[in-house]
Amino acid sequence: MTTAPARHRTENPSLAGRFRPLEPLFKGMLLASLALAVLFLVVLLSYVVTEGWDRLDPRLWENFPSKLYPERAGAQSAIVGTIYVIALTGAFCVPIGVMTAIYLEEYADGSRWWNRMIELNIQNLAGVPSIVYGILGLGVIARGLDLGRTLLTASLTLSLLVLPVVIIAAREAIRAVPGSIRQASLALGATPWQTIARQVLPAAVPGIATGVILALSRAIGEAAPLLLLGAVTHITFNPSGITDSYTVLPIQIFNWTKQPEAEFHTLASAAIVILLFILLAMNSVAIWVRNRYQKRW
Amino acid sequence: MTTTSSRLSTSQGVPVTGRPGGAGPVQPTVVNDAVEGPFDLVDTVFEVADVSVFYGDYEAVRNVDMKIGKRRITAMIGPSGCGKSTLLRCFNRMNDLIPGTRLGGKITFHGEDLYGDHVDPIEVRRRIGMVFQKPNPFPKSIYDNIAYGPRVNGVKRGLDDLVEEALVGAALWDEVKDKLKQNALALSGGQQQRLCIARTIAVKPEVILMDEPCSALDPIATAKIEDLMQNLTRDYTIVIVTHNMQQAARVSHRTAFFTADVDREGVRHGRLVEYDETSKLFTTPSDERTEAYITGRFG
Amino acid sequence: MASASAGSAAGSSLRRSRPRYGEAVIKGLLLAAALVSVATTVGIVASLLPPALRFFGEVGFGEFFGGTEWTPLFKPPSYGVLPLITATLTTTALAISVAVPIGLAAATYLSEYATPRTRKVLKPVLEVLAGIPTVVYGFFALTFFTPLLRDLWPGSGEGPEIFNGLSAGLIMGVMIVPTVASLSEDAMSAVPQSLRQGAYALGSTRRLVSIRVVLPAALSGIVAAIVLAISRAVGETMIVAIAAGLKPEFTLNPLQAMQTMTGYIAAAGEGDLPVASFDYTTIFAVGLLLFVLTFAMNFLSIRLVRKYREVYE
């Protein structure tokens with residue numbers, strides 16, 4: 001019989017194994033790294049909530065930004081602007097993204113160089129820094145197409161920015177629809193498009209919706225490209241059309257952060273809480289859609 | 001030859017009740033002989049002439065010649081990898097969907113080249129339906145599953161009658177008539193497969209191709225499908241791929257035995273070894289490879 | 001049934017029963033949509049190149065890449081991009097020094113140690129970290145982390161300035177952890193189970209299997225993750241624009257304020273520079289440099305990922 005102390009000695013005839021100090025140490029280090037990430041998240045969230053707590057009141061969504069009176073300042077124009085920008089961005093990037101995904105998954109012959117180029121290009125675009133999209137928006141959309149620094153320019157630019165995300169998510173959702181469904185449809189004499197429109201897309205909708213919501217939540221938090229597209233100016237009115245000037249929450253947060261006064265930092269925190277709340281709501285919807293409509297193939 | 005028939009009877013696990021003519025599995029040839037005439041008197045639906053099928057550079061099926069008769073059940077049997085499913089999928093051009101697939105030789109359908117330039121594969125599939133190995137109903141209601149084929153073919157009126165007719169034809173009507181709006185995925189495996197057959201006949205094809213239609217089903221469900229196939233021969237030509245020799249012996253009029261030849265470079269190619277009336281192929285095969293296979297010495 | 005019998009069926013029976021122009025039109029539309037992303041790349045190049053060429057027409061490559069002063073708006077202006085590059089290098093190096101160890105550790109834990117249940121809890125945490133807008137990270141770096149660093153700075157030394165590369169770089173590292181973790185975990189999960197089983201059969205411990213079997217086998221995927229992480233750090237804008245400062249300094253000292261390439265583009269783009277002005281072209285010159293750098297890194301990363309996919313999938 002092996003006794004407990006013998007376990008720590010080297011020669012051990014039983015299968016109990018010897019104590020290897022490096023094993024728990026290694027595992028402990030891995031866990032500590034994860035714990036650090038979790039801790040960071042907890043600190044960040046509690047910091048912005050406690051910082052912004054005093055200003056988390058109706059002034060924030062009832063009033064407009066003010067540079068002189070932090071106690072009166074609000075973010076209504078930024079909240080409304082965010083909603084406009086996201087709605088427009090979704091309207092542009094969802095059809096284009098889903099159509100691209102359908103083309104690549106259902107029609108494109110992967111052995112053709114142009115189809116491979118389209119794929120590679122999308123992968124590359126997914127890694128282009130967002131500020132470069134700002135330059136694109138500035139050079140081509142705002143100046144080239146002469147749309148100016150408007151809501152429309154911002155939405156078009158953000159659409160191009162999140163397009164790769166939408167495409168990649170939609171492709172995954174389409175790929176998850178089993179091939180047997182396509183074969184069944186085609187064997188009944190359906191055309192390729194009938195098969196896609198009546199079988200593949202309906203089955204892929206939950207996956208596509210989840211991906212689209214996640215892509216749009218990326219667009220909501222995006223500020224860098226909009227810095228180049230005129231969202232910086234201090235906007236004290238809600239946009240009423242797509243050619244209006246605008247601001248959005250991340251830009252408003254950026255502006256308040258730049259102010260030296262502590263009151264503005266409190267405001268920025270409060271606005272961050274609102275922004276994170278919107279993101280949380282969107283992600284909850286995405287998770288709900290995913291769980292509710294998950295297919296049982 | 002007695003070894004063959006005794007093997008068939010002992011390994012037979014399928015209940016025989018309800019079989020048309022009360023034919024037991026021991027004498028499958030009785031059923032077949034009842035409807036089978038000399039092959040030359042039967043109209044030819046498909047004529048396969050020196051057909052080879054390629055996936056890219058790989059030749060999956062090599063130099064097959066055969067004729068498939070009208071309103072007959074033709075079975076294709078053989079070990080896995082012998083190319084029987086590949087050939088089946090050429091009959092309604094489902095192989096077109098796999099990039100790099102190429103056909104050598106010629107398949108005609110009523111004398112018309114199935115791979116001719118003018119031929120529309122979608123039209124082909126409307127005339128030549130297919131039932132797959134695994135039941136694959138659409139994740140929709142029973143009704144919508146059946147109505148799908150007519151709908152994509154532009155039928156708008158009289159769908160209710162079509163659906164009923166197809167379900168009756170597939171011997172499923174009595175089981176589902178009260179729950180047509182229910183999701184088809186809630187049906188049992190055997191019911192799903194009969195639904196898939198009903199879905200196929202709702203398009204009113206001339207031929208039904210079946211790719212191992214019972215391999216995912218239990219014996220009782222299998223027996224029902226086999227009965228159904230016998231009834232369907234009144235209107236349809238059926239080509240069935242099966243890895244179950246007994247099934248081929250029970251249901252088919254003619255049987256084609258395929259095997260995989262290994263060439264000098266070690267590459268496998270599907271070949272047609274023997275094609276004959278089922279009763280003859282299973283009792284007096286002319287090729288020793290066929291005999292080896294049906295007596296279980298190989299495959 | 002089936003009126004068409006042999007011989008009587010005309011040769012046209014398998015022709016298209018009705019025309020289907022719609023199918024071709026739809027395919028064309030879908031292809032057109034797919035080409036939007038190609039047009040995006042073309043648009044990026046088209047928006048960068050002409051102004052950048054105008055810039056390089058006046059400022060030589062030697063001055064641009066050799067000069068240590070970046071003061072385009074001063075009189076006389078100086079167009080040496082090195083200060084922006086050293087700032088980018090500093091913040092990126094700091095970010096990578098945080099993101100790679102933590103990200104790799106997280107990936108190793110998730111891939112080799114975690115039960116399905118712990119994965120289910122921990123993966124969303126990383127996803128949340130990836131979903132927080134970068135402006136929030138920037139705010140946190142400037143108003144929480146920098147003051148904390150200054151309070152805790154050991155000894156009597158100066159400590160970090162209000163705006164500094166240290167705080168921005170470290171916080172950016174946390175932002176990039178999910179990128180490293182999720183790509184590395186993909187690569188580790190793609191390592192075939194048989195390799196691990198072989199090692200376990202020889203009496204290896206979990207730690208040794210992780211370090212000696214899985215890590216080397218997943219190496220190209222992990223390198224791809226790190227390259228992509230570098231690319232993201234180089235391209236990240238809001239954190240450095242908020243927390244690193246606006247002062248282009250030719251230094252690698254992270255305690256100082258510094259301006260990165262992205263930080264300059266943001267600051268210059270924010271001000272409404274006249275289109276016709278030469279100053280306006282500086283945005284595009286720096287932008288082109290940024291685009292070329294990140295593009296090359298993304299390309300490398302994609303190639304590396306393909307490599308491990310080819311080996312194991």
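**Figure 1. Where chain C meets chain A.** In this view, 69 residues of chain C are in contact with 67 residues of chain A; contact here means that the C-beta atoms of two residues, placed from the backbone, lie within 7 Å. On the chain C side that touches chain A, α1(C) gives the largest share, 19 residues. By class, that side of chain C splits into 44 nonpolar, 19 polar and six charged residues. For the classes, Ala, Val, Leu, Ile, Met, Phe, Trp, Tyr, Cys and Pro go down as nonpolar, Asp, Glu, Lys and Arg as charged, and the others, Gly among them, as polar. A word on the model: it is predicted, so local features need pLDDT of at least 70 and side-chain atom pairs count only at pLDDT 80 or more, while totals for chains, interfaces and linings use all residues. Residues are numbered from 1 along each chain as its sequence is written, and chains are lettered from A and ligands numbered from 1 in the order in which they are written.

Figure 2. The crossing of α3(A) past α1(C) is left-handed, that is, the near helix is turned anticlockwise from the far one by less than a right angle. Residues of α3(A) that meet α1(C) include A:Ile96, A:Met99 and A:Tyr103, and those of α1(C) include C:Leu30, C:Ala34 and C:Ser37. This contact of α3(A) with α1(C) is made up of twelve nonpolar, two polar and one charged residue.

**Figure 3. Chain B against chain A.** Here 21 residues from chain B and 16 residues from chain A make the contact. On the chain B side, α4 (121-127), β6 (128-131), α5 (142-152) and α8 (189-201) each supply at least two residues. Helices (H or I, at least four residues) and strands (E, at least two) are DSSP runs, numbered from the N terminus. Eleven nonpolar, six polar and four charged residues form the side of chain B that touches chain A.

**Figure 4. The buried side of helix α6 in chain B.** Look along residues 159-169 of chain B for the buried B:Leu162, B:Val163, B:Ala166, B:Leu167 and B:Gly169. Buried means 20 or more other C-beta atoms within 10 Å of a residue's own, exposed means 12 or fewer, and partly exposed is in between, with C-beta atoms placed from the backbone. Exposed B:Asp160 and B:Asp161 are on the face of α6(B) turned away from its buried side. Among the elements covering the buried residues of α6(B) are α5, α7 (173-176) and α8 of chain B.

Figure 5. B:Asn63, not a glycine, has a positive phi of about 50° and lies in strand β2 (residues 58-69). B:Glu212 has a positive phi near 45° and lies in the loop between β7 (207-211) and α9 (219-232).
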